[in-house]
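Try each task before reading its solution.

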Amino acid sequence: MPARTLRRGSNTVIALVVLAILLFPLYWMLNIALQPGESLASTSWFPTSPGWSNFERALDSQGGSLVTSLVVALGAVVVCLAMAAPAAYGLAQLGLRGGRSIVFGTLITQMVPGIVIANALYSAYVDLHLVNSLPGLILADASLGLPFSIVLLRAFMVSIPKEIVEAAMVDGANRFTAFVRIVLPISRNSLITAGLFTFLFAWSDFMFALTLNTTDDVKPITLSMYEYIGAHVSDWGAVMATAVVSAVPAAILLILAQKYVAAGITGGSVK
Amino acid sequence: MSTTTAVPAKSVAASPAVPGRRASRAALTRWLFVAPAVLYMLAFFGYPLVRNVVMSFQHYTPRTFFTGEAPFNGLDNWTAVFGNELFTESLWHTAVFTLGSLLGQFVLGLALAVFFSRRFRLSGFARAVLLLPWLIPMVVSSVVWRKLLDQDTGVLNTLLMNLHLTSEPVPWLSSPSVALLSAILVNIWVGIPFNMVILYGGLQEIPREMYEAASLDGAGPWRTFRSITLPQLRPVITVVLVLGFMSTIKILDLILALTGGGPADSTQTLGTATYQLSFQQLDFGQGAVVGNVLILISAVFAVFYLRANRSDFGQGK
């Protein structure tokens, strides 16, 4: 079947061309970041003599913000899962009265524009002294992943046989221990997916970072980058190096956790 | 350990027969699983919705946050916003931005989904890598594009000039008549992967026999696409478009980092207008008005979303 192999081969070529076009902006980001003397002349097409000085400058000025982003994103994952996992279990297995309305409400929350939340949250945060604080930003960022996580986890937990938990309870575990010892381990994959996406949502958050912080105390990388291009627009080398570093978590996830990413996109949005 | 476990074990054994206090206690335990998330969602989604409506009838000034005074001022905010050119322009820009983005994302996403449904080497790898633009923070993408689209030093203009497609550099972000188009292009780039993945998933669900039957009947590729692929894909298409709509209409990150709403307010949308009124002019009352308009538009489309979801459940697996 040479004709068929040929056609398959040409499909691969087309796919690579599509890839090259769509990923060109990211290649260009890396290319500029790796060329130390960028500001002198126009950028060359390939980083023929790569250097790390852009990254050194970027880490010097943005290193702290990277740590902030990491802390905020991890915190948001913990807060989000701590609420989403029991809630999803309750909605999937415990036959609560009004459970359907809660699921419905969870779906609805996904359409509330973030800027509207920020608009009202800001004055509440002022009263509660949560503006410019890490806990405040972590709490707000958890909202980015919570509805998604509940929907995703619930879709999985519906399929867990009730008998497993009941059996453990007959053996003397209370419902909460049974949940921790049995339901959580079975739901491991869904928990990882929900956690990964909540991490990405919080890591990418710009709006809450922008609106709930008025000083430099808490400055995640997205906000820091936004302010940096406002002030140093000529130092594109360092800006692009920062961009590369802040895109790293997404790239790592794509390589290490591809199956979870795919599961999250289809599971969380369609169902 | 033994004392705490004794009680629930007993209640499980007895629960079918004994209603009343024990049953209500069991119900309470069940509600404790859901309560934290429900309270949190009430605080972080419900409260802001209600508060925004109230705020839109209050007079906020920069001093409000020191004095705590925000007197009610009737419809003043609403008349001010509706009479403000920024609002009417933002509304128009939002419509153009949303329609343009959705159209581009969907058509290209569908084309790629159909293409990747053929089986060939590296197909899975290519699909995975294509997700990258969607997974990296939107602010980062915008900043990268800001450099690509730079009139004098951007690589896109270099490329176009070298290929003699244009004789002068295109003012992608610096001309009021081009900037909105540029923002749409960037957002299409961001949204293609999401559309592609969901539509690809939908395509895999279409039974192969239908295609075989069509080819036996002598239907060509275009006819097959129109008579089988599109109708079968309809529920998925609705979901993708509605979700795309709801994330596009409230756009903020991308525009702030790409153009900041400029030049000359040519890329202001409802999202950026809310931000500007509330957080830059510190008139949270007027910001709330624009926010409420945004919610109203989203609500209309949420109805479509829920309908689409229900039909999705209805076909049930």
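A residue is buried if 20 or more other C-beta atoms lie within 10 Å of its own, exposed if 12 or fewer, and partly exposed in between, with C-beta atoms placed from the backbone. This is a predicted model, in which local features need pLDDT of at least 70 and side-chain atom pairs count only at pLDDT 80 or more, while totals for chains, interfaces and linings use all residues. Residues are numbered from 1 along each chain as its sequence is written, and chains are lettered from A and ligands numbered from 1 in the order in which they are written.

**Exercise 1. Confidence**

Task: find where confidence in chain B is lowest and where it is highest.

Solution. 
- Step 1: start from the overall scores. The predictor assigns the complex an ipTM of 0.90 and a pTM of 0.88.
- Step 2: turn to pLDDT, the predictor's confidence in each residue, from 0 to 100. Chain B has an average of 85, and 90% of the residues score at least 70.
- Step 3: go helix by helix. Helices (H or I, at least four residues) and strands (E, at least two) are DSSP runs, numbered from the N terminus. In chain B, the lowest confidence falls in helix α1 (residues 2-14), with a mean of 38, and the highest in helix α5 (residues 85-117), at 95.
- Step 4: look at the ends. Two residues are in contact if their C-beta atoms, placed from the backbone, lie within 7 Å. Residues 1-18 of chain B stay under 50 in pLDDT, and the model gives them 18 contacts beyond four places in sequence. Residues 312-317 of chain B are also below 50, with four contacts beyond near neighbours in sequence.
- Step 5: draw the lesson. Where pLDDT is low, the predicted coordinates should not be read in detail.

**Exercise 2. The fold of chain B**

Solution. 
- Step 1: check contact range. Among contacts in chain B between residues at least 6 apart in sequence, 68% join residues at least 24 apart.
- Step 2: pick out one helix. In helix α8 (residues 138-148) of chain B, 11 of the 11 residues are buried, so this helix is largely enclosed by the rest of the structure. Among them are B:Val140, B:Trp145, B:Arg146 and B:Lys147.
- Step 3: compare with the record. UniProt (unreviewed entry) places "transmembrane region" at residues 31-50, 91-116, 128-145, 178-200, 236-258 and 284-306 of chain B; such positions use the numbering given here, feature names are shortened, and annotations may be inferred rather than shown by experiment. In the model, residues 31-50 of chain B are 100% helix and 0% strand, with end C-alpha atoms 25 Å apart. For residues 178-200 of chain B, the values are 96% helix, 0% strand and 33 Å.

**Exercise 3. The interface and the core**

Task: how many residues of chain B touch chain A, and which residues touch the most other members of the largest nonpolar core?

Solution. 
- Step 1: count the contacts. On chain B, 76 residues are in contact with 77 residues of chain A. Helix α2 (residues 21-55) of chain B gives the largest share of the chain B side, 18 residues.
- Step 2: define the core as a set of buried Ala, Val, Leu, Ile, Met, Phe, Trp, Tyr and Cys residues joined through C-beta atoms within 7 Å. The largest one has 167 residues, of which A:Ala84 and A:Ala243 touch the most other members. Helix α2 (residues 53-93) of chain A supplies its largest share, 16 residues.
- Step 3: Leaving aside neighbours within four places in sequence, A:Ala243 is in contact with A:Met29, A:Met225, B:Val140, B:Val143 and B:Val144.

**Exercise 4. Backbone exceptions**

Solution. 
- Step 1: Most residues other than glycine have a negative phi, and most peptide bonds are trans.
- Step 2: B:Asp265 is partly exposed, with 18 C-beta neighbours inside 10 Å.
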